[in-house]
Amino acid sequence: MDYNAALDLALGRLHEEGRYRTFIDIERRKGKFPQAVWKRPDGTEKDITVWCGNDYLGMGQHPAVLAAMHDALDATGAGSGGTRNISGTTVYHKRLERELADLHRKEAALVFSSAYIANDATLSTLHKLFPGLIIYSDALNHASMIEGIKRNGGAKRIFRHNDVAHLRELMGADDPAAPKLIAFESIYSMDGDFSPIEAICDLADEFGALTYLDEVHAVGLYGPRGGGVAERDGLTDRIDIFNGTLGKAFGVFGGYIAGSAKMCDAIRSYAPGFIFTTSLPPAVAAGAAASIAFLKTAEGQHLRDAQQLHARILKMRLKALGMPIIDHGSHIVPVHVGNPVHCKMLSDMLLDEFGIYVQPINFPTVPRGTERLRFTPSPVHDPKQIDHLVKGMDALWARCALNRSVAVA
């Protein structure tokens, strides 16, 4: 086989479809977020504003987080030294897990190297703990959840997105005695829509199922202490396993699950993705713990309120221009384009002409024909930056003769 030719063919398909992904070389500078510097291929630099980051609250630049990381780095050095079982558990990891357990009002938490690994490792392990387990998964769940459920090897059922009636139909058709788990998200990040958490929990109670809620795009951002949408809605005690990330609103790196002490102990003991992975560096764990603790406070609520306000302002202004935005009331602002080539062109023009950095979202992240630009306003985007973004979008939409009609998916 000509391996190079096969690689050329595979990459060529992406280029032909207009969905080849290009990494933009940017440099974040301390205290300047959301501003950054674009290192152009020709060696020149351009000041830009980041509009597609997942550091939703700017905590990656927060003094409390940086101070905690500096202190831990000075005290312990760079790496953790091994897996959690082999010298990789420190006081910083234990402190972080206590903060996370408290955040979700659970007995325990378990930290992984990413939320992807936390999903994959946990969901793929549950079948070992509950033989005959049937997992019911929302059709739009994260790729990491899908991968974990596939690797689980047990029975799975896919219910239509947020369709509680379809979920009930699927659960009712299965053996009442079989162990069951419903896996879903609180906010689906591409459209920014919320799941019917209470209704799903009601079904779980009715059919004796466990609940597994991915809150990666909600932790830090919703609820009086940043515990997510379940906390906001008073449903924390009805969720058996939470999945969350430390790399979005908390501004650092890593992922976790939270649940009962027995559940976390069993995953810790059986999941290869936990057992055989080097633990987070202590400085990272320290920074994450500091971020979580800060966002539980009134000052954290101030950041959440400011972020929601900026999201509402941006949506209102784009709607006024007839932009086809998708608005489900969350902090995420998707603008529908519907063509991968056009989406990439708009992204490139916004960066080159206006210094606005927003990456195109194409298949397979979203279905074909629903390509979009996805803006993530933060508390630290100021009114001038919002105004500049709106004017840039208006100018390019007119130049490219794109349709102006509000789209709600």
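Helix axes are here lines fitted to C-alpha atoms over the stretch in contact, and the angle between two of them runs from 0 to 180 degrees between N-to-C directions. On this basis, in the predicted model, helix H13, which spans residues 340-354, packs with helix H14, residues 383-399, at an angle of about 125 degrees, and the two axes lie 11 Å apart. Because angles of 65 to 115 degrees count as roughly perpendicular and those over 145 as roughly antiparallel, H13 and H14 are classed as oblique to each other. The crossing in which H13 passes H14 is right-handed. On the side of H13, the contact is made by Leu 346, Met 349, Leu 350, Glu 353 and Phe 354, while H14 contributes His 388, Gly 392, Met 393, Ala 395, Leu 396, Trp 397 and Arg 399. Sorted by class, the residues in this contact of H13 with H14 comprise eight nonpolar, two polar and two charged ones.

Aromatic pairing was examined next. A pair of aromatic rings is described by the distance of the centres and the angle of the planes. Two such pairs are present in the structure. In one of them, Phe 112 and Phe 274 adopt an edge-to-face arrangement, with 5.5 Å from centre to centre and 70 degrees between the planes. This pair links distant parts of the chain, since Phe 112 belongs to strand S4 (residues 108-112) and Phe 274 to helix H10 (residues 272-275), 162 residues apart. Both Phe 112 and Phe 274 are buried.

The pair formed by Phe 194 and Tyr 222 is likewise edge-to-face, with a centre-to-centre distance of 5.8 Å and an angle of 90 degrees between the planes. Here too distant parts of the chain are linked, with Phe 194 located in strand S9 (residues 193-194) and Tyr 222 in the loop between strand S10 (209-214) and helix H8 (229-232), 28 residues apart. Tyr 222 has a relative accessible area of 6%, and because buried means under 20%, Tyr 222 is assigned to that class.

Ala 155 was considered separately, as a residue of strand S6, which covers residues 155-159. Its relative accessibility is 31%, and Ala 155 therefore counts as partly exposed, given that this class lies between the limits of 20% and 50%. When residues up to four places away in sequence are not counted, Ala 155 touches Leu 133, Ile 134 and Ile 135. The C-alpha atom of Ala 155 is separated by 31 Å from that of Gly 234, a residue 79 positions apart from Ala 155 along the chain.

Notes: Residues numbered from 1 in each chain as written. Predicted model: local features only at pLDDT ≥ 70, side-chain atom pairs only at ≥ 80, totals over all residues. Heavy atoms only, no water. Helix = DSSP H or I, 4+ residues; strand = E, 2+ residues; numbered from the N terminus. Parallel < 35°, antiparallel > 145°, perpendicular 65-115°, else oblique. Left-handed = near helix turned anticlockwise from the far one by under 90°. Contact = heavy atoms within 4.5 Å. Nonpolar A, V, L, I, M, F, W, Y, C, P; charged D, E, K, R; others polar. Phe/Tyr/Trp six-rings, centres within 6.5 Å; stacked < 30°, edge-to-face > 60°. Buried < 20%, exposed > 50% of the residue type's maximum accessible area, 1.4 Å probe, protein only.
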